[in-house]
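Welcome, and please open the structure in your viewer. We will go from stop to stop, selecting a few things each time.

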Amino acid sequence: MLTNLQGNPLFDSLYANPTLHEMLKLAPRSFEKFVTYIFHKAGFTTSDVALRFIRGVDIEIYHPIISRQKSGGIEIKRYNPDHLVGAPTVQKLMGAPAVRGNTPAYLITTSNFNNPAIQMANTNNKVRLINGEQWLRYIEYISGSVPKQTVKQGGFISPDAFSHSFDIKNIKPFQTKVIVIGNNKGGVGKSTTAEYLAHAFAQSGKRTLLIDFDPQANLSDRILGLSTDVSGLPHLEDYFFKTVNLDQLVRQVDPNGKIYIIPSSPELGKVDAGSFGQPLQEIEFVRDFYRTFYSASGVYSNFFDWVIIDTPPAISMFTRLALATSNFIIAPIRLRPSSLRGTGNMINAARTMGALVGEAPKLIGGLVTHWNDDAASNDNLPQYITYFRASQSKLLSTKIPLDVTIEKAANRLASKAFAAYIEVVKEIEEYVNGN
Amino acid sequence: MSTATSNQSAIQERSGQATKKLCQALGYSSLKSTDLKYVALALAEVGAEEVINNPHFAQKVKAILDEIVPKKELNAPRSTSNRAKHQKQKDNTATIQKGRQKKSLLDNLVPLKPIDMRIINPYSSPDPYLLHEVFGSVQLAIALREFTMHTLREMVGVVETQNPDLPKPNKRNKDSIVQFILEAVENKHTYNPSAQI
């Protein structure tokens, strides 16, 4: 086995800011070691067999706990962009002793594959081709995810979801309006924002589906009007327990048929895998969502104008799924340092999930909540606008005023906060229509 | 086509022609439309300096602005069919005032070197050196003028930590503070990373 490559400054730097341009500066053998470094980061153990020509590959990767369980053989081609990998290389890999039987065979290149190479790979379902762009996405995904190596069950982040056999263009095939309400910081008004935006959209005649991805289930409790849902109907966790489909979870909320919800309950917390990278499962959820709500044969095909996803105050499995599924983000913030930190963490998670599905959701902007027009707030506001601009984002012009009536069901829609959410809807629509 | 729409079209056409002429003069005739914001930024930086130092130049710019900035037509008659619409707009004014507020100049900042939000330390005073690196001198000057005196005094503290021997600015005068910070970050004084808090 190779010695631990962690702590190599060059590789650490390249991992933090991966570019093909920098990787091409490495000598071929160094690049092979960098690939090994990445697979260590992904949770695998590895064996450098490049000099053992009889193996037919450069690296063999193994299950992190069960050391005899081989997870694959990797052939590496550090090529310039105009030098495509051809069919003979793929064919040679297919016959390599290291990948006999069902052992996956990975061919990783910094360039790309020509059509004969792809056709050759398609004749053998154990061959996975990973081109330069896919390789960068894999690195980006690993850096924002945790391999399951740290738990006794063992685990690793498989590169399969980043190979040629996964057509990411078809993972989110439709131009949709799915918004995540996200911030790693709690208490900023995510659930309130989700609820009020749905009502604001409803007032303009739009039909909205709310998805409560937070095991705290505050949104579900407020929307459905029950502290504990005793209806016996299924909740979101039942989808993850594989007892129901997504469409079976949808409940109509209002008599006008403008607001629907997929509710959660505290039981949802039992299926949370945290920030562990599970690319295949994450992609499967995204595909299921789009099949259900946007495909021609989906039960709710194009039924909703907007989908708004409420997320927990953590980069949990649910936040990751929400970010992978969505096109846009609204980040409620309070003008406090912890809110800014939370927003930064959430943006990073969005980038990670964008690496998985090919496109990260766009941050429409930060939405200032609990706005109190006092000296302290006015002192902080210019800084926060500047910080958001520095990261190529912005604060929405509308601020949600501090409003003690905001959570009271009886006069919710008469509140001054609701008037502000009407303006937020206009800002969202302006942004979305401009994109 | 209404007067407002035809004016807008004329302005857009003028803008397009002027931009094209400028790019050709600079030898950048093949710039993409997505790069035009950089041209605008370069112009704004140079133009700001020239407006300050050259009154004739300033007069020319003001003359064009006076010509093209639309003026309100206070006595234009309203048709009766619009009366209900205008009434509703008046009724919504209070709502709108509670909601969306006018844009700040800071909303127009364009980062020259965008950063990951996570590198900002929100628990400490805004770092003028970092902001200078991100936005450049002209935009930083705009941003500083939008900050409150309280925030600016904190930023003076950051500069003074870096350069304890600098002459103190008049902390009651915004112009003095802004000038002090700008001179510091433009490397007129030494930046000492080890002096960071």
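**Before you start.** This is a predicted model, in which local features need pLDDT of at least 70, side-chain atom pairs count only at pLDDT 80 or more, and totals for chains, interfaces and linings use all residues. Residues are numbered from 1 along each chain as its sequence is written, chains are lettered from A and ligands numbered from 1 in the order in which they are written, and side-chain values use heavy atoms, with hydrogens and water left out.

Stop 1: Strands here are DSSP runs of E with at least two residues, helices are runs of H or I with at least four, and both are numbered from the N terminus; two strands pair if DSSP finds at least two bridges between them.

Now select β2 (residues 59-62) and β3 (residues 70-77) of chain A, which run antiparallel and are joined by four bridges. Pick A:Ile61 and you will find its bridge partner, A:Gly72, in β3(A). Touching, or contact, means heavy atoms within 4.5 Å.

**Stop 2: the seven-stranded sheet.** Still in chain A, find the open sheet ordered β8-β9-β7-β10-β6-β11-β12, again with mixed pairing. Its edges are β8 (251-252) and β12 (362-368) of chain A; each has a single partner strand, so one side of each is left without a neighbour in the sheet. Select β7 (residues 208-212) and β9 (residues 259-262) of chain A, a parallel pair joined by four bridges. There, A:Leu209 has A:Tyr260 as its bridge partner in β9(A).

**Stop 3: a pair within a helix.** Select A:Glu32 and A:Arg29, both in helix α3 (residues 28-41) of chain A and three residues apart, about one turn of the helix. They form a salt bridge, with the closest N and O atoms 2.8 Å apart. The term means a side-chain nitrogen of Lys or Arg within 4 Å of a carboxyl oxygen of Asp or Glu.

**Stop 4: where the chains meet.** Show chain B beside chain A: the contact takes 31 residues from chain B and 34 residues from chain A. Which residues form a salt bridge here? Select A:Arg351 and B:Asp116, whose closest N and O atoms are 3.7 Å apart. To finish, colour α4 (83-98), α5 (128-146) and α6 (149-162) of chain B, each of which supplies at least two residues of the side that touches chain A. The largest share, four residues, comes from α5(B).
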